[in-house]
Amino acid sequence: MYDTATMSADGTLTLPKRVCETLNLKPGDWVSFRFENGEALMGKADLSEIPNEKALAAMRECEEMRKHPERYKRYDNAEKMMEDILKKE
């Protein structure tokens, strides 16, 4: 199957009916894009793969730690690190 869509000035794409039917897309569904060899592959998004707020917060904290390691305690022992983490909860 090969279909096309035209992008509007604001970047919106209206998917052809056949694409929506094939992917079982309904209004409000999320669509994912994967890029391979200069092409975009589109499919119905698996929402279990989208990070929730807790995961996003952890990712931001990791990025902050990477940028500013001097602000964080260093550990040579994983057990001690886990003790400290569990004390905070």
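1. Glu63 and Arg66 lie three residues apart in helix 2, which means that about one helical turn separates them. In this predicted model, Glu63 forms a salt bridge with Arg66, with 2.6 Å between the closest N and O atoms. Arg66 counts as exposed, at 58% relative accessibility, whereas Glu63 is partly exposed, its relative accessible area being 32%.

2. The protein as a whole averages a pLDDT of 87, and 99% of the residues score at least 70.

3. The whole structure contains 10 salt bridges, among them one between the side chains of Arg60 and Glu53, at 3.8 Å from N to O. Glu53 counts as exposed, at 55% relative accessibility. Another salt bridge joins the side chains of Arg71 and Glu64, at 2.6 Å from N to O; here Arg71 is exposed, at 54% relative accessibility, and Glu64 is partly exposed, at 28%.

4. Asp84, which is placed in helix 3 (residues 78-88), deserves a separate comment. At 12% relative accessibility Asp84 counts as buried, because the cut-off for that class is under 20%. Asp84 also belongs to a network of salt bridges that links Lys73, Lys80, Asp84 and Lys87. Leaving aside residues up to four places away in sequence, Asp84 touches Lys73 and Tyr75.

How values were computed:
Residues are numbered from 1 along each chain as its sequence is written. This is a predicted model: local features need pLDDT of at least 70, side-chain atom pairs count only at pLDDT 80 or more; totals for chains, interfaces and linings use all residues. Side-chain values use heavy atoms; hydrogens and water are left out. Helices (H or I, at least four residues) and strands (E, at least two) are DSSP runs, numbered from the N terminus. Buried means under 20% relative accessible area, exposed over 50%, partly exposed in between (1.4 Å probe, protein chains only). Contact means heavy atoms within 4.5 Å. pLDDT is the predictor's confidence in each residue, from 0 to 100. A salt bridge is a side-chain nitrogen of Lys or Arg within 4 Å of a carboxyl oxygen of Asp or Glu.
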